[in-house]
Amino acid sequence: MSSPTEPADNSLARDMGPLGAVATVVAGTLGAGLFVTLGTASSTTGPSVILVVAFSGLLAMAIATNYSWMATIFPGAAGSYTYISRTFRSRLPGFVVTWSKWLGYMAADAVLAIGFGSYLKVFYPNTTLPFGIDFTVGVGFALLTALFLVNLVGTKGYSVSQNVIFGLLVLSILVLVVPGLFSIDTANYRPFFTGGFDGFVAAAVPLFYAYIGIAVAGQMGAEVRNPGRNLPLAMVGGTAILITLYMLTAAVIYGIVGDYTVLANSERPLATAAEAFLGDIGVAIVAIGGLLATASSVHAVMAAGIKMPYSWSWDEVFPKQFSAVNDRFRTPHWSLLALYLVASALTFWSGGLDKALAIATFSYLIAYLTVSLTAGYVYVKRADIARRAAFQPGSWFYLSVGVAVLGSAGLLTQAANWLGVLSVDWGSVVGALGSGDVLAAGAMVNGAVPTLSIYVPWLLVGLGIFEVYRRRGEAYGTDVSAILDTLPGVPSDEWNPDIREDRDVTDDTTPAPGAGD
């Protein structure tokens, strides 16, 4: 780790412009939301899913606003980790919030890569691969390999390729949606609400997942040029584009298909709607769009996912190799290689992918909740930090924070119920632990919540790694305060740390308990 007064030799290059940042948010998020969720979510509420898209979008916009504000204060790598660790002057809370997300990023890359293979199979339905390898798995692995090589040559290569995919993806959506606007039969919207209030709310949970990547640009904050302008543009502007595309698409597919249950029960609802008014050519357009959407999502997840271990390593709570960068391309190549190898392995061993993705969704919501709470804390209590922001929000920011906190907490409750966490008899678990029967307690939890059989060991492994490197740093006399005066991925001559005005301690600027871990 370099000293905070000298430029770090493992910093990242600010090679990404505004279009690349917007493309990271939009093209990296569209996949499942546009091509699957818009149809399947209607099972509980019918055509009123169009309104659910809008309400979910309001929550997404509040979260994007909070993230973008924090991103202009701390324009470094790894988003949530950096915002939380630098605000509270402690590496542990940010690590806990992002450790599970890293697993989710790797699992998501594998699932999306397999999804790319399934869309390509539309054009090559009877193709077989050598050695009995499943076609979708083999194609997914090939995509991961190609995008690994693109990311290896740096942010500029990523940005150019993502911009091209983004342009083609939006074009393919418009080719489908614009003609569809002229084929809508408003009678198909009736009845509009089919499941009452409960059904409407139930649809909000899966539909919010269509916005799950809105803050992904924050992971790449150290690589975006003019971050004070371009990060808010990417997150808030990108979210606005997503809301618009989702609402237009939902209006078309429910206005064209007479029976919404056809879409709710379809594995490819967009293709089902396209076939209704464009025939086979519509199916082909959707398949091309699906290829572009899944490829761009894999690309964005890969580029963003490598920033978490890079930042932990920068802060010296993870192996130092993960923050090493290529001298020519300024790419954290070991972090990238680790993600590529794990994601590739998961494409061939997919038994635990559903559990890993469930954990990822839960982890995203925890991150959205904690970052929004952190933004509110900074706005109210830490004027010394808030003044660094590129824009100063008015009192409306209370509404943004409130909506994001309440919305994320509500969805967390739904997600916990979905994972089965709330159905566990925790009293019996505690009783078994109290009597010393650890195996029985573990069996109770794993029997009710299989997902926890991955989550708990994974979390314990992460905490173990963190503690080993924290103690190692303590033994070597690491200056944690000096580390926290830097931003992951940002040369120190670019970042002038004067956040710690608490050197003369006042009530409002006292570091959080445990600061400096």
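In this predicted model, helix H4 is followed by Arg89, a residue with a positive phi near 55°. The buried set consists of Ser80, Tyr81, Thr82, Tyr83, Ile84, Ser85, Arg86 and Thr87.

Positive phi values also occur in loops. Most residues other than glycine have a negative phi, and most peptide bonds are trans. Against this background, Asn226 has a positive phi near 45° although it is not glycine. Asn226 is placed in the loop between helices H8 and H9, the latter spanning residues 227-256. With a relative accessible area of 43%, Asn226 is partly exposed, because values between 20% and 50% fall in that class. Glu316, likewise not a glycine, has a positive phi near 65°. The loop that holds Glu316 runs between helix H13 (307-314) and helix H14 (333-348). Glu316 is also partly exposed, at a relative accessible area of 23%.

A further backbone feature concerns a peptide bond. The bond from Arg190 to Pro191 is cis, and its omega is near -5°. Pro191 belongs to the loop that connects helix H7 (155-181) and helix H8 (196-208).

Two packed helices are described by the angle between their axes and the distance between the axes. For H5 and helix H12 (residues 280-305), the axes come within 9 Å and cross at roughly 160°. Angles over 145 degrees count as roughly antiparallel, and H5 and H12 are therefore roughly antiparallel to each other. The crossing of H5 and H12 is left-handed.

Helix H5 also takes part in a surface feature. A nonpolar patch on the surface is formed by Leu92, Val96, Val456, Leu460 and Leu463, which together have about 370 Å² of accessible area. Helix H5 (91-120) and helix H20 (452-475) are the elements that give two or more residues to this patch. The largest contribution comes from H20, with 3 residues. An α-helix has 3.6 residues a turn, so residues three or four places apart point the same way. Leu460, one of the patch residues, lies in helix H20. Leu460 has a relative accessible area of 54% and is therefore exposed, since the cut-off for that class is over 50%.

Methods:
Residues are numbered from 1 along each chain as its sequence is written. This is a predicted model: local features need pLDDT of at least 70, side-chain atom pairs count only at pLDDT 80 or more; totals for chains, interfaces and linings use all residues. Side-chain values use heavy atoms; hydrogens and water are left out. Buried means under 20% relative accessible area, exposed over 50%, partly exposed in between (1.4 Å probe, protein chains only). Helices (H or I, at least four residues) and strands (E, at least two) are DSSP runs, numbered from the N terminus. Patches are made of residues with over 30% relative accessible area and no salt bridge: like charges are joined within 9 Å, nonpolar side chains (Val, Leu, Ile, Met, Phe, Trp, Tyr) within 5 Å. Accessible areas come from the Shrake-Rupley method with a 1.4 Å probe; for residues, only the protein chains shown count as cover. A salt bridge is a side-chain nitrogen of Lys or Arg within 4 Å of a carboxyl oxygen of Asp or Glu. Axes are lines fitted to C-alpha atoms, for helices over the stretch in contact, and angles run from 0 to 180 degrees between N-to-C directions. Angles under 35 degrees count as roughly parallel, over 145 as roughly antiparallel, 65 to 115 as roughly perpendicular and the rest as oblique. A crossing is left-handed if the near helix is turned anticlockwise from the far one by less than a right angle, and right-handed if clockwise.
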